[in-house]
Amino acid sequence: MDIKKILREAGIVGAGGAGFPSYAKLSDGADTLLINAAECEPLLFTDFTILGEELDTVLDGARLIADALKIDRVLLCVKDHNAQSFGFSDGETLSHGVTVRVLPDVYPLGDEINLIYESTGRLVQPGCLPITQGVIVYNVETLYNVSSAVRDGKSVTDKWLTLGGDIDKTRVLRVPVGTPIKKLFKQYGITVPESHVVVDGGPSMGRIVYPLTAVVGKTTKGILILPRDIPAISMKLRTADRHVAVANAVCCQCTNCTEMCPRALLGYPLEPHRLVRASNEVVRAMPEAFTSALLCCGCGICEISACGQYISPKAVIAGQKKILAEARIRYPQGKEKVEPTADRSMRRVPVSRWRSLLGVAKFHRAPQGDFEEFSCGEAIVPLNRHIGAPSVAAVNVGDRVAKGDLIARAADGLSIDQHASIDGVVTAIDENGIRIKQK
Ligand code: SF4
Ligand code: SF4
């Protein structure tokens with residue numbers, strides 16, 4: 001069995017992050033596979049629901065990867081409050097030889113580097129990949145998709161997500177990839193008031209989307225409706241230039257952001273208090289001096305929890321990362337060997353406090369009842385919502401397709417195949433993706 005080929009052809013990407021093609025993580029040299037069930041973002045219950053509904057399938061997906069790569073140790077990494085809900089205890093062995101690893105209820109353990117350290121005690125050195133510490137990490141839903149692809153020949157056509165925020169009820173849904181958000185809202189009677197925005201993802205790291213045009217992608221973990229005036233959102237509404245201007249003007253160099261940064265607490269040479277002093281012109285002029293920006297995971301602790309001056313080091317650093325990417329500058333690997341700081345465990349942010357700081361505590365309501373299936377007979381399957389080259393359309397307008405049919409092929413290099421998420425006819429192919437309508 002060529003598992004790499006199966007994952008690429010099934011269109012599997014990391015369902016909980018930036019959309020890294022899952023086949024590309026398969027490399028020799030690992031002795032540990034982590035199932036990332038940390039689900040760090042408040043208001044999201046997606047992985048929690050998948051574990052409740054499909055635990056055996058998830059563990060089977062993990063076992064398939066572990067066997068293919070001859071990995072001995074598979075750990076299901078789950079936060080303490082969720083472990084209690086499932087009745088898991090630390091060290092317990094589940095089916096398929098998977099061991100439970102209970103994590104503390106702190107944010108941000110969904111960050112791969114923090115997750116690996118917390119679960120294994122191994123520290124991925126700055127700029128290096130997890131495989132350098134013998135570890136591979138997959139999200140819960142990704143492993144569900146791996147099992148479905150290998151056992152049943154199913155490609156990724158559906159997405160699990162949490163529909164929540166400032167609405168009457170939190171729901172976990174399974175919907176076709178490419179489902180227009182406006183159709184979801186119509187189905188559930190949701191109107192987005194002027195005072196609110198729609199977020200694709202969690203309140204900390206998700207992005208604001210326009211509800212009339214946004215669609216569900218393979219990385220959409222949640223669709224949240226949230227007020228504009230809570231800290232989590234007001235920072236997202238500020239423009240990139242404004243973030244830099246505010247930081248340059250009012251930072252008092254208190255260093256709180258660096259002292260609380262989860263990557264800095266692991267010993268990474270990331271100092272947001274220094275990075276916020278630079279204008280983008282300076283970064284463009286001497287990008288090599290700002291490579292430490294590439295060590296930021298975008299967790300937002302610095303803007304929401306640390307800074308008392310309403311500055312977002314996270315946003316300033318995101319702009320710097322963009323400049324470095326344009327200049328094709330990477331972090332120089334193996335530059336230094338680092339160790340976590342002695343006070344790391346005292347500086348972590350409990351998840352309940354994180355919810356309050358973001359302003360979303362009152363919206364954190366667990367879904368009632370089973371997850372729901374939803375399909376509206378229309379989908380726009382994006383071809384570019386993964387890391388790597390966009391997939392190349394393999395159908396024409398007017399073609400009739402069935403759910404699961406190949407509609408776009410992986411481009412050369414890092415890329416994936418894409419599949420019809422509903423039965424129907426292709427009605428458009430453009431920069432948004434391949435539009436399919438049930439007819
Ligand atoms: S977002 Fe801020 S706190 Fe988080 S890793 Fe980046 S600099 Fe550190
Ligand atoms: S916490 Fe805020 S004010 Fe303090 S150094 Fe960081 S950005 Fe500047």
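I count Ala, Val, Leu, Ile, Met, Phe, Trp, Tyr, Cys and Pro as nonpolar, Asp, Glu, Lys and Arg as charged, and the others, Gly among them, as polar. This is a predicted model: local features need pLDDT of at least 70, side-chain atom pairs count only at pLDDT 80 or more, and totals for chains, interfaces and linings use all residues. Residues are numbered from 1 along each chain as its sequence is written, while chains are lettered from A and ligands numbered from 1 in the order in which they are written.

**Ligand 1**

I found 15 residues around ligand 1, and C261, C296, C299, C302 and K314 come nearest. By class, the shell holds 11 nonpolar, two polar and two charged residues.

Next I looked up the elements, taking helices (H or I, at least four residues) and strands (E, at least two) as DSSP runs numbered from the N terminus. Helices α10 (262–265), α13 (301–306) and α14 (313–326) each supply at least two residues of this shell. Which helix gives the most to the shell around ligand 1? It is α14, with three residues.

**Ligand 2**

I noted 15 residues around ligand 2, the closest being C251, C254, C257, H273 and C307. Two or more residues come from each of α9 (256–260) and α11 (272–275). The shell around ligand 2 has 10 nonpolar and five polar residues, but no charged ones.

**A sheet**

I count two strands as paired if DSSP finds at least two bridges between them. Strands of a sheet pair through backbone hydrogen bonds, either parallel or antiparallel. I followed an open sheet of four strands in the order β13-β19-β18-β15, with antiparallel pairing. At its edges I found β13 (378–381) and β15 (400–401), each pairing on one side only. β13 pairs with β19 (433–437) over four bridges in the antiparallel sense. E378 stands opposite K437 of β19.

**Whole protein**

I listed 15 helices and 19 strands in the protein. Its C-alpha trace spans about 60 × 50 × 45 Å along the principal axes.

I then checked the radius of gyration, taken over C-alpha atoms, against the globule rule of 2.2 Å times the number of residues to the power 0.38. For 439 residues a compact globule would have a value near 22 Å, so the 21 Å of the protein agrees.

Buried residues (20 or more other C-beta atoms within 10 Å of their own, with C-beta atoms placed from the backbone) make up 49% of the 439 residues.

Note on methods:
Near = placed C-beta within 6 Å. Buried ≥ 20, exposed ≤ 12 C-beta atoms within 10 Å, placed from the backbone.
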